[in-house]
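Subject: The structure I promised you

Hi,

Here is the structure we talked about. Have a look at it first, then read my notes below.

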Amino acid sequence: MGAVVTSAALDRARSAITAHTRRVDDFPVPGVCFKDLTPVLADPEGLDAVIAAMAEMCVGADYIAGIDARGFLLGGAIARELGIGVLAVRKGGKLPPPVISVDYQLEYGSARLEMPASGIALNGRRVAVVDDVLATGGTLRAAADLLTVAGARVCGMAVIMELVGLGGRERLAAGLGETIVVHTLCAG
Ligand code: AMP
């Protein structure tokens, strides 16, 4: 994975993100500015531009893994665009047993991600992980760890917005290695 995104796709996506992102101060806890990107995806031009640009970022993957819940909105559309399958990385407590799980820290609080322990043979398949926002990197790291336990080879990551200054990109590089490219459409 690691295709260069054409400037046309990036420009369209960035315009839509600038126009439609809703910023909510002090949510969900004081001091955090929540970036609500769902209005970007509710806009037809925004959805088309974001999916086109993120699909370019994920070329070469065998599967797209979307992280619960906003990553699901992206994952299915990107996978459809690339003609590949989509995987759901679920929040804890949603799936029937047996599951595999990873616990991790959020920018605010802690959480668990889960996948079915069986059903989809991922042995060595290349999986690109997608989500809306990269903050501290804990969620993407946990998803990558979970997919690795499931037998997949994480080949890259793509998010709409990277919150710079929270160390997420550095934490991912330290934990997963520099070879896994983290693609972002914009900084927030
Ligand atoms: P992190 O694990 O800290 O990188 O957090 C990333 C995950 O939490 C993503 O699934 C985001 O949807 C969500 N998230 C964390 N911080 C924010 C924020 N400031 N605005 C919007 N979503 C966020």
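One term before we start: two strands count as paired if DSSP finds at least two bridges between them. Also keep in mind that this is a predicted model.

Let's begin with strand β6, which covers residues 110-116. Which strands does β6 pair with? One is β4 (residues 85-91), joined to β6 by 2 bridges, with the two strands running antiparallel. If you want to find that pairing on screen, look for R90, whose bridge partner in β6 is E114. Another is β5 (residues 99-105), which pairs with β6 over 7 bridges, again in the antiparallel sense. Here you can look for V99, with P116 as its bridge partner in β6.

Now zoom out. The protein has 6 helices and 9 strands. Its radius of gyration is 16 Å, close to the 16 Å that the globule rule gives for 188 residues, so the protein is as compact as a globular protein of that length. Along the principal axes, the C-alpha atoms fill a box of roughly 45 × 40 × 30 Å.

How much of the protein is buried? Buried residues are 44% of the 188. Of the contacts with a separation of 6 or more, 66% are between residues 24 or more positions apart.

Last, the charges: there are 17 positive and 20 negative side chains, and the centres of the two sets lie 4 Å apart.

Cheers

Technical notes. Residues numbered from 1 in each chain as written. Predicted model: local features only at pLDDT ≥ 70, side-chain atom pairs only at ≥ 80, totals over all residues. Heavy atoms only, no water. Helix = DSSP H or I, 4+ residues; strand = E, 2+ residues; numbered from the N terminus. Rg over C-alpha atoms; globule rule 2.2 N^0.38 Å. Buried < 20%, exposed > 50% of the residue type's maximum accessible area, 1.4 Å probe, protein only. Contact = heavy atoms within 4.5 Å. Lys, Arg positive; Asp, Glu negative; His and termini not counted. Charge placed at Lys NZ, Arg CZ, Asp CG, Glu CD.
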